[in-house]
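Student: I'm new to this one, could you walk me through it? I'd like to start with a helix and go on from there.

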Amino acid sequence: MSSKLAMDDNDRDLVVMVHEFVIKSKDREWKRTSTMIASGESKASGGLSIMGKTVGYTCGIATRMVLEKKVP
């Protein structure tokens with residue numbers, strides 16, 4: 001199965017994310033939607049996959065914040 005799902009050197013991946021938020025206060029309610037659509041670059045072009053970027057960047061930022069003691 002993994003060989004069938006593996007990306008070829010010229011393949012690119014795609015990430016589509018939708019987050020819906022409902023913010024409530026005593027007298028009001030807001031609804032907000034955040035969306036992201038992004039595609040990665042092929043291995044043949046020397047680029048990075050979008051999954052690698054979205055996971056790697058956030059992990060790197062969190063690690064740096066822990067090392068700088070900005071979060072416990």
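**A helix and its surroundings**

Tutor: Helix α2 has 18 residues and reaches 25 Å from its first C-alpha to its last, close to the 26 Å expected at 1.5 Å a residue, where the expected span is 1.5 Å times one less than the number of residues. Helices (H or I, at least four residues) and strands (E, at least two) are DSSP runs, numbered from the N terminus. Please keep in mind that this is a predicted model, in which local features need pLDDT of at least 70 and side-chain atom pairs count only at pLDDT 80 or more, while totals for chains, interfaces and linings use all residues. Residues are numbered from 1 along each chain as its sequence is written, and side-chain values use heavy atoms, with hydrogens and water left out.

Student: OK, and how many helices and strands does the chain have?

Tutor: The chain has two helices and two strands, and read along the sequence they follow the pattern α-β-β-α. The radius of gyration of the chain is 18 Å, well over the 11 Å that the globule rule gives for 72 residues, so the chain is more spread out than a compact globule. That radius is taken over C-alpha atoms, and the globule rule is 2.2 Å times the number of residues to the power 0.38.

Student: What box do the C-alpha atoms fill?

Tutor: Taken along the principal axes, the box is roughly 55 × 30 × 25 Å.

Student: How much of the chain is buried?

Tutor: Buried residues make up 10% of the 72 residues, with buried meaning under 20% relative accessible area, exposed over 50%, and partly exposed in between (1.4 Å probe, protein chains only).

Student: Back to α2: is K53 buried or exposed?

Tutor: K53, which lies in helix α2 (residues 50-67), counts as buried at 17% relative accessibility. Leaving aside neighbours within four places in sequence, K53 is in contact with E41 and L48, where contact means heavy atoms within 4.5 Å.

Student: And where is E41?

Tutor: E41 sits in the loop between β2 (29-39) and α2, and with a relative accessible area of 38% it is partly exposed. Not counting residues up to four places away in sequence, E41 touches D11, R12, G47, L48, S49 and K53.
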